[in-house]
Amino acid sequence: MYKLTFFVVAFLMLTSCGDKMKTTDDFSKDTAAPTDGSATSTTDAATYDPNRGIGKHTSVDLGAKLDVAMAAEGEKIQSVKCSSCHKLTDEKLVGPGWKGVTTRQKPEWIMNFITNPDPMIDKDPELQAQLELCLVRMPNQALSDTDARNLLEFMRKNDGVK
């Protein structure tokens, strides 16, 4: 009886392991670059844009006023996906605190980092320095562009935009 229970538990543990949210998107490669090596990748350190980061977001239009509905949706996302590692103050938890992030970084950079953290951590000197302090890489949360934009709006609310 104990052997059967052991095997059932072991089987359940093995089948429950793994990434159920696998995505086929590979944001670490520049899809516009030729694969024959005739052009350098836009993610080279020399071509890295510290104001925009790496990703598809080149321009993010923010209104002068806060979009309250978007910020409310962003707060929901933050409470589920972000609050275990980030505080809303400037205090470090696992990752850095969020206070003032929208004044320190451009919206395009924030959107690219939310949706594409791994290549940015590999290239951005500020993120590499932050990694040395925090010792944990930000995981890719597989957020949609809409979710990332809502989260950005919540960050603006957290930084006092009305």
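How many disulfides does the structure hold?

1. The structure holds 0 disulfides, a disulfide being a pair of cysteine sulfur atoms within 2.5 Å. The sulfur of Cys82 has its closest cysteine sulfur in Cys85, at 8.5 Å, which is too far for a bond. Cys82 is buried, with a relative accessible area of 8%, whereas Cys85 is partly exposed, at 27%; here buried means under 20% relative accessible area, exposed over 50%, and partly exposed in between, with a 1.4 Å probe and protein chains only.

2. Please keep in mind that this is a predicted model, in which local features need pLDDT of at least 70, side-chain atom pairs count only at pLDDT 80 or more, and totals for chains, interfaces and linings use all residues. Residues are numbered from 1 along each chain as its sequence is written, and side-chain values use heavy atoms, with hydrogens and water left out.

3. Helix 4 covers residues 107-115, where helices are DSSP runs (H or I, at least four residues) numbered from the N terminus. Of its 9 residues, 9 are buried, and these pack against helix 3 (101-104), helix 5 (117-123), helix 6 (125-134) and helix 7 (145-158).

4. Within helix 4 lies Asn112, which is buried with a relative accessible area of 0%. Leaving aside neighbours within four places in sequence, Asn112 is in contact (heavy atoms within 4.5 Å) with residues including Arg52, Gly55, His57 and Met120. His57 is 55 residues away from Asn112 along the chain, yet their C-alpha atoms are separated by 5.9 Å.

Technical notes: Helix = DSSP H or I, 4+ residues; strand = E, 2+ residues; numbered from the N terminus.
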